[in-house]
Amino acid sequence: MAADLMTGPTAGDGDQREAARALRRVRSPVAGRIRLACVLSALGALAGLAPFAGLAELADALLATPPDRDRVTLVAVLIVLGLLLRGAFMSAALTITHVADVRLQAILRRRMIAHLGRVPLGWFARNSSGRLRKTAMGDVDALHQLVAHQAVELTAAVVTPLGALTYLLILDWRLALLAVATLPLYAGAYAWMERGSNEALGKMDESSARLGAAVVEFVSGIAVVKAFGQARKAHAAYRQAAAEYTDFFADWVRPMTRVEALAGLVVSAPVVGLVTIAGGAWFVDRGWVTPGEALAGVLLACVIPVAIEPVGFGVLNRRAAAAAAVRIQRLLDVAPLPVPVSPRRPAGHRVDYDDVRFAYDGHDVLHGVSFACEPGAVTALVGPSGSGKSTLATLLPRFHDVTAGAIRVGGVDVRHIDPAELYRHIGFVLQDVQLLNDSIRGNVALGRPEATDAEIHEACRAAQIHDRIMALPRGYDSVAGQDALLSGGEAQRVGIARALLADTPVLVLDEATAFADPESEAAIQDALSRLAGGRTVLVIAHRLSTITGADRIVVLDRGRVVETGTHTELLDARGHYARMWAAYEEVPA
């Protein structure tokens, strides 16, 4: 699913229609400005032909006996006027498209940020940060050439030769044919080079995305792999991705370079000039055209090759932009978290899991799970890895929605509660705590920006992190990741303080003490026990010693509830939990 969302189109998928549709939708906010710029570019291209036509008229005027001075003056003025008009029109067109490009980038990034804020949180776990960054940054940047330059330059590149050929047709149709005499050779070579290019560009884009993801993932985990002496091995994924990209690009481009060089030669200005000079001289000798008209044919024919290169690059730029637009549009098309039309407010904070079923990518993870979390009590979920503990925890704050059954808070299905209201009721601390690039104060007060310093300090003391924060260079003003370099356990305690300060009636702790040292863990557990009064607390832990005091323990196995009870009751039952406890006690401390 992640690959479908974040990769570009490939041939054979109806991708060209999708790419055209995506490009049209992505560019729609500035489409009117681009059209205006194209009109100005076309006018500028036509004005730019005036000097070439004027030179031919000037030649005839100077060759006349005696020279027609008034005509020479008039033509010279028209040549200068044409140049000035071309500069003015093209400058205005490029100004419009560059402003449009900046505006479009801002619109798309704001739209993506706003949309990602409505996407289910579980979606982010299935899409790598490398691919998301490529879409939000690289793919938006990839539209620059298309919006700021290509529309204007391609319009000029098309209008210029068409205007030149029209003028030559008016002079003499033979001059027009002579001007395009070498184009069929170029067209044939270009058609040969274009074979399979859609599929190749799609594969190259996918390879580039894999390379970007490999870089991000390697940098993110470099500390761990170096600590275990596996830096060389960790480089392998990056080297492989880089090698695949390089090899594919080289294999694709190598056969085309010679053909491209020859094709470029036959439409180069020197070759076209030689052909038109030879042909023009013959036409003058046969009396078909005047010397001035022949000169016009030579000059205007040399304009055509200049227009071919922007057209070729324009096709490549459009394809790259289309692939980027597809990824952007797929990101914007990710289904947001459904918001109830008539939201309801919970009556209390009892949590009920009622016959909950959940499937991920067609694979059933939970099978009819039912249990209740009472207010003022700590309910613990235990079970082997893969039994569904974390999935149950993330379903409560709607990281995903259940496939069947229901989860209720205060008697109301969480799907019928407005997300903002739901997050005011449910606080959660997950295994991987993310700290923002903000002060420690700002990180702790994320859920309650209006909290006082005294309240923030109290929450941090309860989470056993206050003293560590005060030891930082600027205390609570220290910025996470800059002058506040916290360990994993310390970051988790900041996350716990954040959840405690938010003071939500329901608290979900998924391996919340996984990185804490034993002394801090015991202190945190005591604090959580004291603060559980009046709250509904759902705890998930692999270390069974952390939940022996829980009011209720729910034992899961393969997505099903197999036992419930207190620590003592479950030991007496001599079932799954008792076996897990026996195995846990055998593990050396």
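User: How much space lies in the largest cavity?
Analyst: This is a predicted model, in which local features need pLDDT of at least 70 and side-chain atom pairs count only at pLDDT 80 or more, while totals for chains, interfaces and linings use all residues. Residues are numbered from 1 along each chain as its sequence is written, and side-chain values use heavy atoms, with hydrogens and water left out. A cavity is a set of points, on a 1 Å grid over the protein atoms alone, where a 1.4 Å probe fits but cannot get out, and its volume is the space filled by probe spheres set on the points, which are joined across faces, edges and corners. The space in the largest cavity is about 40 Å³.

User: Which strand gives the most to the lining of the largest cavity?
Analyst: Lining residues have an atom within 4 Å of a point, and among them here are Leu-395, His-400 and Arg-415. Strands are DSSP runs of at least two residues, numbered from the N terminus. With three residues, the strand that gives the most is E4 (residues 404–409).

User: At what angle do helix H18 and helix H20 pack?
Analyst: Helices are DSSP runs (H or I) of at least four residues, and axes are lines fitted to C-alpha atoms over the stretch in contact, with angles from 0 to 180 degrees between N-to-C directions. Contact means heavy atoms within 4.5 Å, and the residues that meet include Ile-456 in H18 and Leu-500 in H20. The axes of H18 (residues 453–462) and H20 (residues 488–502) lie 8 Å apart, and the packing angle is about 125°.

Terms used
1 Å grid on protein atoms, 1.4 Å probe; cavity = no way out; pocket = protein on both sides within 12 Å on 5 of 7 lines; lining within 4 Å.
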